[in-house]
Amino acid sequence: MPTRSDRRPGITRRTFLSAAALAACPFWRTPSAGAAVRRLVLADDPFQLGVASGDPTPTGVVLWTRLAPDPLHGGGMPPEPVEVSWEVADDEGLRNVVRKGTATASPDLAHSVHVEVEGLEPDRWYWYRFRTADAESPLGRTRTAPADDALPAAVRFAFASCQHYESGLYTAYEHMAGEPLDLVIHLGDYIYEGAPQRGQVRRHVGDGELHTLEDYRNRHAQYKTDPHLQGAHAACPWLVTWDDHEFDNNYAGAISEQRNVDPQEFLVRRAAAYQACYEHMPLRKPARPHGPDMRLYRGVPFGRLVDFAVLDTRQYRTDQPCGDGNKPPCAGVFDPAATLLGQEQEQWLFERLQASPARWNVLAQQVMMARVDRLPGPLVAWSMDQWGGYDVARKRLLEFVRDRRVSNPVVLTGDIHTNWVNDLKVDFDAPESPTVATEFVGTSISSGGNGSQTRADTSGVLADNPFVKFYNAERGYVSCQITPERWTSQYQVVEDVRTAGAPRVTRASFVVEHGRPGAERHS
């Protein structure tokens, strides 16, 4: 029996033929045609999941909602298309409507709506809402990106990840929604696929681990019912990507964490997870899944100030080496064919970085890039699920950044439920070698429950990894301000995620100066 590290994630001929045979699955079809129902009577409010916007351009933005009068039990909508009207105004009272129209909420997409509004002015705020069946959605606020040739004085955004619903309250989003942000970036683990657990702050719907399309839809809907998450979505546009828990823990491409999983069944489950993810996120049409495949990597520029390359380190990766987990490096770590991004995405990224006119170039991605030794003392253990388990690919990316002189590269990371600030080097075994980029790692919103300022192994981590500038295990998010000359990251923490109304504390602040890779503590 081959071990997990012997398997590869590429879809084999057998798997491909199995996937092709599954094309008749209902959620792999295109939305059904037919006239939308114009007059509809619903038993309850269809806008219980709120509104959201995302992926802004200088002239447009995606507006999202989903009709779900019974959100935790399949949505509660009739099996027909439903007409939804929308309007966008340049004032909060929606007195001056600048764009409006109608969209069809299709049952094939869980009656979700993705409106790609165009014809807006660059670099300004707008307000929007939806209507259907005599019901009106909450009011949302969004904004367009600056013009392509503009150099804004500043861009303010926050990034977050890992929001396990059962483990804690979303107090961090309550504080985030109160900040003057232009953008929020979510780096994955928006939902968790596991079965409900006893003794938690809240309880997941369902009886077991998610497998079906209905399972994933209900779980996404439950998370979306949280008022603080809704408030953060309604406050400004989001850029979203996923990590593993939107589907299955620590999966690698088409490979399950568990042994003896039928590859055909795994792809069917992946298709269901990807479908539900698209249905609940403010994403553009190119992201719409085709069976078990969904392209999430993309670029989102904010003028000449910053270019966000949003990455996907799950769908295209090869299997984790050494049996996964924190392990001493085995031969698989140094396999030249091992990849987190896949060849096509990596080439896309290199070309985008090479051509970027932006002052700051940001990689919004999932797993830690710094190669951290997790065992204090002479023993060595690297995370096989992070970039440390893919040594050649990591070096290739950092060498490209160094050799092509990419302007002010910054990596944003989630996944690990702890805060880190790392100086990134091509050769981590040479601590005096030049720093080529900066990595800011954000903790979880709630996953893991209440954390702490320090952990028992803090001194060992810092001593064995001199490129680590900050290490913290509380919950929260990171708020950032970018100007042409300076990047500032503030680590915002919530000390208690089990009690409503817990205060926010700025635990640390770090600065990166233009043209000088590496972060310095500001406070």
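Cysteine 480 counts as buried, at 3% relative accessibility. Buried here means under 20% relative accessible area, exposed means over 50%, and partly exposed lies in between, with a 1.4 Å probe and protein chains only. The model is a predicted one: local features need pLDDT of at least 70, side-chain atom pairs count only at pLDDT 80 or more, and totals for chains, interfaces and linings use all residues. Residues are numbered from 1 along each chain as its sequence is written, and side-chain values use heavy atoms, with hydrogens and water left out.

The sulfur of cysteine 480 has its closest cysteine sulfur in cysteine 236, and because the two are 13 Å apart, they are too far for a bond. A disulfide is taken as a pair of cysteine sulfur atoms within 2.5 Å, and the count by this rule is 1 disulfide. Which cysteines does the disulfide join? The partners are cysteine 322 and cysteine 330, with an S to S distance of 2.0 Å. The angle about the S-S bond is -95°, and the link of cysteine 322 and cysteine 330 is left-handed. Cysteine 322 is buried at 17% relative accessibility, while cysteine 330 is partly exposed with a relative accessible area of 27%. Cysteine 277, in contrast, is in no disulfide; the nearest cysteine sulfur belongs to cysteine 162 and is 14 Å away. Cysteine 277 is buried, with a relative accessible area of 5%.

Aromatic rings come next. Rings of Phe, Tyr and Trp (for Trp, the six-membered ring) are paired if their centres lie within 6.5 Å; planes under 30 degrees apart count as stacked, over 60 as edge-to-face, and the rest as tilted. The count by this rule is 23 aromatic pairs. One of them is edge-to-face: tyrosine 128 and phenylalanine 130, at 6.3 Å centre to centre and with 85° between the planes. Both tyrosine 128 and phenylalanine 130 are buried. Another pair, phenylalanine 440 with tryptophan 487, is stacked, with 5.9 Å between centres and 15° between the planes. This pair links distant parts of the chain, since phenylalanine 440 lies in strand 19 (residues 437-441) and tryptophan 487 in strand 22 (residues 486-494), 47 residues apart. Strands (E, at least two residues) and helices (H or I, at least four) are DSSP runs numbered from the N terminus. Phenylalanine 440 is buried at a relative accessible area of 0%, and tryptophan 487 is buried at 0% relative accessibility. Phe440 and Trp487 also belong to one aromatic cluster, together with Phe157, Phe302, Phe308 and Trp360.

Two rings have a charge over them. A charge is said to sit over a ring if NZ of Lys or CZ of Arg is within 6 Å of the ring centre and within 35 degrees of the ring normal. The charged end of arginine 202 is over the ring of tyrosine 165, 3.8 Å from its centre. That of lysine 224 is over the ring of tryptophan 64, 5.0 Å from its centre.

The backbone is the last topic. Most residues other than glycine have a negative phi. Arginine 405, not a glycine, has a positive phi of about 55°. Arginine 405 is in the loop between helix 7 (391-403) and strand 17 (409-413). Aspartate 415, also not a glycine, has a positive phi of about 75°, and is placed in the loop between strand 17 and strand 18 (419-424). Which of these two residues is buried and which exposed? Arginine 405 is exposed, at a relative accessible area of 75%, whereas aspartate 415 is buried, at 15%.
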